[in-house]
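Trainee: Could you take me slowly through this structure, so that I learn how its pieces are arranged?

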Amino acid sequence: MGITLDGVRWDYLSEGGHLWLTALRTDQLQGVPIKASIRRCTFRLPEGIFVKDIRYTGLRSFFKIFSGGNACKEGKIALELRRRGVPVPVVLAFGTERRSGQLKRDLLVTKEVQNGKPLYDFVREEYPKLSFHSKDKLIRTFAAFIKQLHDAGAFHKDLHLGNVLIQRAEDNDRFVIVDVDRVRLKTGKLSQKERAENLGLLLSIFWTKSSLMERFRFLKHYGIYRQGIEKRNFINAIKHMALRNSHRIWKKRSRRCLSSNTGFVKERTDTFMIYRVRRPDVERALRLLLRDPDLLVERGKILKDGRTIKAARVELGGRYYFLKRYNRKGWYYQLKNVFRRSRAIRTWSASWGFRLRHLPVPEPLICLEERRFGLLKRSYILSEFIENAQSLGDAWRAIDESGKRRLNAKLAITLGYIHQFGGFHGDLKWNNILIQQESNGERIVLSDMDASKVFPRTKSGRALKDLRRFFRDMDKRCGDGNYKAFFVSSWRKWSGQSTKSY
């Protein structure tokens with residue numbers, strides 16, 4: 001694919017940009033598309049140069065006469081940031097193409113950041129393998145970089161991991177900020193309120209990818225904790241901003257499980273509306289499942305058989321899955337569900353709300369719903385099967401006092417995170433909490449998500465309602481009230497709740 005420079009008038013041309021244009025033999029540039037849409041395209045040219053081409057039509061083209069194009073705006077901001085000492089890609093040129101006075105497109109040409117890798121990819125792929133010392137050094141360097149950005153008067157309205165590049169080096173890592181068209185520049189340093197808002201935006205991205213101690217070290221290296229205990233309100237403001245932004249992002253992304261996109265598929269057959277994960281293994285499982293899901297349930301190992309649902313461990317293509325069928329319960333049940341989503345779809349959506357928050361639930365893979373003339377018939381959910389797992393009750397009986405104290409602490413942390421992130425399970429009896437033994441200890445997984453919901457935040461009353469069922473089983477199995485007292489103390493710390501009545 002390519003891009004043309006025909007009709008472009010350059011508003012800024014650096015010495016390097018002039019040399020690059022002089023060396024060109026044609027106005028048609030051939031490159032590899034990095035991002036491509038109707039309005040915006042970014043290409044990487046073979047000589048290590050990026051060209052961003054933004055197009056304008058209709059009223060958008062008219063209004064850009066007054067406000068200017070986004071590519072040129074980004075170029076000007078990048079030049080100013082570099083002047084203020086903030087690492088950004090080298091700007092070679094930016095310019096516009098106009099017709100009858102109206103802006104039709106503008107271009108930004110920058111040099112590639114050598115060995116630069118998006119911080120999002122680095123955190124996901126390489127960061128977990130680093131030693132504690134290397135992680136601490138990286139956090140220190142990144143905190144200094146963000147502080148430098150704020151001290152330079154730059155407020156990035158879209159500060160996420162994909163807009164920061166990392167250049168690895170043995171002596172010191174270096175960070176570069178990209179996509180700066182949404183940076184707002186001030187003449188002086190950012191205020192405390194602006195810093196809290198921007199740090200909250202940044203930490204909301206890290207919230208499920210970092211530990212509490214890593215976030216603490218980041219803020220410490222940023223310089224907050226050295227300014228005295230009076231900064232506690234500032235830290236609480238950052239936390240509030242981070243959670244608010246996280247919930248907004250999670251809510252937007254959770255809707256993706258109900259449509260077709262890069263991660264999910266929504267499709268229809270003659271019988272079912274299908275929602276599934278977009279993966280080859282899930283597609284193969286779907287083909288086998290659609291042959292006769294009822295027969296598959298009956299032939300599987302029955303794990304639950306009630307009036308509302310029937311669930312079994314089933315085998316598809318040599319792999320075990322958990323298949324749950326939601327039974328039809330008569331005309332009233334069908335009429336009641338005409339104007340609302342089925343229980344299967346509500347569970348599918350809530351489960352992915354939990355998964356996006358990195359909360360421990362089995363991965364839902366396929367959701368099937370059958371309707372005739374709007375009346376709900378059969379519905380199913382196929383999920384991963386948690387191997388080598390016991391219910392919390394069985395696991396509790398099998399471990400000694402030391403193991404019980406360790407598991408109790410882990411349960412408090414896990415349920416605390418769930419309630420902090422707005423999760424509500426709705427049926428926290430111990431049989432619905434699975435304990436899976438792994439090489440590094442126990443893994444806690446919540447099952448039976450039929451009553452689960454996700455809220456912008458979990459209020460104390462709602463969290464208390466969720467824990468009452470959990471405490472009922474705890475009281476039966478733990479005569480010693482110390483377990484409950486320790487659980488409540490730890491849970492408060494990790495959930496951020498202040499509920500005192502249990």
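Mentor: Two strands are said to pair if DSSP finds at least two bridges between them, while strands (E, at least two residues) and helices (H or I, at least four) are DSSP runs numbered from the N terminus. This is a predicted model, in which local features need pLDDT of at least 70, side-chain atom pairs count only at pLDDT 80 or more, and totals for chains, interfaces and linings use all residues. Residues are numbered from 1 along each chain as its sequence is written, and side-chain values use heavy atoms, with hydrogens and water left out.

Trainee: How many bridges join β9 to β11?

Mentor: These strands run antiparallel, and P118 has L165 of β11 as its bridge partner. The number of bridges joining β9 to β11 is three.

Trainee: Which strands stand at the edges of the open sheet?

Mentor: The open sheet has three strands, paired antiparallel in the order β9-β11-β12. An edge strand has a single partner, so one side of it is left without a neighbour in the sheet, and this holds for β9 (116-118) and β12.

Trainee: Which residue of β12 is the bridge partner of Q167?

Mentor: Strand β11 (residues 164-167) pairs with β12 (residues 174-177) in the antiparallel sense over four bridges, and the two form a hairpin with six residues between them. Within β12, the partner of Q167 is R174.

Trainee: At what angle do the axes of α6 and α7 cross?

Mentor: Axes are lines fitted to C-alpha atoms, for helices over the stretch in contact, with angles from 0 to 180 degrees between N-to-C directions. Helices α6 and α7 are therefore roughly antiparallel, a label for angles over 145 degrees. The axes of α6 (residues 192-206) and α7 (residues 212-222) come within 12 Å and cross at roughly 150°.

Terms used:
Parallel < 35°, antiparallel > 145°, perpendicular 65-115°, else oblique.
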